[in-house]
Amino acid sequence: MSEDDARRRDAEDPGHRSLFLIPPAQGGNHEECAYFAGNSLGLQPRATRDELLSDLDSWATLGVEGHMDGGRPWVRYNELLTEPAARLVGALPEETVVMNTLTVNLHLLMVSFYRPRGERTRILIEESAFPSDRYAVRSHVRFHGLDPDLDVVATADPPAYLAAEGDKVALVLLGGVNYLTGELLDIPRITRAGHAAGAKVGWDLAHAAGNVPLELHAWGPDFGAWCTYKYLNSGPGALGGVFVHQRHLDDPSIQRFEGWWSTEPDTRFRMDPVCAPPKSADAWQISNPPVYAMSPVRTSLELFDRVGMTELRARSVRLTAYLESLLDGWCTVVTPRAPERRGCQLSLRVPDADGLSRRLSRAHGVIADSRNPDILRLAPTPLYSTYHDCWRAAEALRKEL
Ligand SMILES: Cc1ncc(COP(=O)(O)O)c(C=O)c1O
């Protein structure tokens, strides 16, 4: 397929590239890089800087009064993020909160949803779980006086494990889209299997949020958590999102770590001696939230609201299929072929993934990312990636492999 064909497809099926700042190419013949690392760090929306500066202005002009005054008073700022975040993951607003970062949130959620009792002590994760999740669950198991070598089980087939050993599983915690292979798991089916076995079920949606449509409320997991620096383009180390299913929001027996932001906002400043948590995911908050970290998330979520996940997913399926067609027959793609079993990422098995990724950038201006020793990840993201980017990636790979 030719470069002209890629250009024609871009004219017929444009994304929203003009809303983003595209980094210059580090090498090759093109001014802009072909960016495929939105699964690691999304690009900066053009609007982010001005929005952030306007939030900084409130501090400059109002000082402490910015908590209550100005266009976006800080005491309620986090609430601006709740509804758009809920829409993005198919949750109710009361089930959703943006706070902290992903691994911290997984810990806070495990405080509530990993309650080992009797024989039911295990946490089930996937075989290629993200290392941070492994470390988090292992440390949580140790925290309960248990042995992570026995009670953290990694499996390639969660439903089969649940059918065989489900009565020993306290918590199922899986990645919705696997970070390494790009596989989208069947979230509703595995959630049902976990619940049928009597376990709690949570999802790490780092690679799913903003990448694939989610219906968390309807699918019914106990909790979910995601980051906003990948597909949600909110910047390095940006805040995470949390979902807690409605059925847990009015449960006085649930365990939770608390701080002053866990209490009802209307009575927070009475400084009562005992916390009175709201019947919402806000109850999982602890500290007063970082306004200048929330600002880019607000900007990004507005963009997702404007474009809509349905349109994005449709373009994503077309773009990834096009990239796959360019690689067909001469590259080993380990990501499932069926669009319903993946998001936008394609993972290729390659020799010397780190070296190849470096050469793609330095010689061709193509930014991919590698997971040593042999996986190269390419994520054409529907907001800003183009068919021409895909063509460039395939050409560069053909030269380098
Ligand atoms: C699947 C997955 N889980 C967890 C993390 C860790 O996220 P954080 O550093 O925000 O805690 C990442 C980071 O890339 C990830 O991809």
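## Strands S4 and S10

Strand S4 (residues 96-99) and strand S10 (residues 240-244) are joined by four bridges and pair in the antiparallel sense. One of the paired positions is Val-98, whose bridge partner in S10 is Gly-241. The model described here is predicted.

Are the residues on the two faces of strand S4 buried or exposed? Thr-96 and Val-98 lie on one side and are buried.

## The ligand and its surroundings

The ligand sits in the second largest pocket. Which residues are found around the ligand? They are Thr-101, Leu-102, Thr-103, Phe-130, Asp-133, Asp-204, Ala-206, His-207, Tyr-229 and Lys-230.

At Leu-102, a polar backbone atom is 3.4 Å from an oxygen atom of the ligand. Asp-204 contributes a polar side-chain atom, which lies 2.7 Å from a nitrogen atom of the ligand. A polar side-chain atom of His-207 is placed 3.0 Å from a ligand oxygen atom. On its own, the ligand has 400 Å² of accessible area, and the protein covers 81% of this.

## The sheet containing S15

Strands of a sheet pair through hydrogen bonds between their backbones, in either a parallel or an antiparallel manner. An open sheet in this model is formed by four strands in the order S11-S12-S15-S14, with antiparallel pairing. Strand S11 (332-333) and strand S14 (369-371) stand at the edges; each has a single partner strand, so one side of each is left without a neighbour in the sheet.

S14 and S15 run antiparallel and are joined by three bridges. Arg-371 has Ile-375 as its bridge partner in S15. Ile-375 belongs to strand S15 (residues 375-378). This residue counts as buried because its relative accessibility is 6%, under the 20% cut-off. Ile-375 and Tyr-161 are 214 residues apart along the chain, and 27 Å separates their C-alpha atoms.

## His-364 in helix H12

His-364 is part of helix H12 (residues 353-364). Why does His-364 count as buried? The reason is its relative accessibility of 15%, which is under the 20% limit for a buried residue.

How far apart in space are His-364 and Gln-26? Their C-alpha atoms are 7.7 Å apart, although 338 residues separate the two in sequence.

Terms used:
Residues are numbered from 1 along each chain as its sequence is written. This is a predicted model: local features need pLDDT of at least 70, side-chain atom pairs count only at pLDDT 80 or more; totals for chains, interfaces and linings use all residues. Side-chain values use heavy atoms; hydrogens and water are left out. Buried means under 20% relative accessible area, exposed over 50%, partly exposed in between (1.4 Å probe, protein chains only). Two strands pair if DSSP finds at least two bridges between them. A residue is near a molecule or strand if one of its heavy atoms lies within 4 Å of it. A polar contact is a pair of N or O atoms within 3.5 Å; within protein, one must be able to donate a hydrogen and the other to accept it, and residues adjacent in sequence count only if both atoms are side-chain atoms. Accessible areas come from the Shrake-Rupley method with a 1.4 Å probe; for residues, only the protein chains shown count as cover. On a 1 Å grid over the protein atoms alone, a cavity is a set of points where a 1.4 Å probe fits but cannot get out, and a pocket is an open set with protein on both sides within 12 Å along at least five of seven lines; lining residues have an atom within 4 Å of a point. A molecule sits in a cavity or pocket if more than half of its atoms lie within 2 Å of its grid points.
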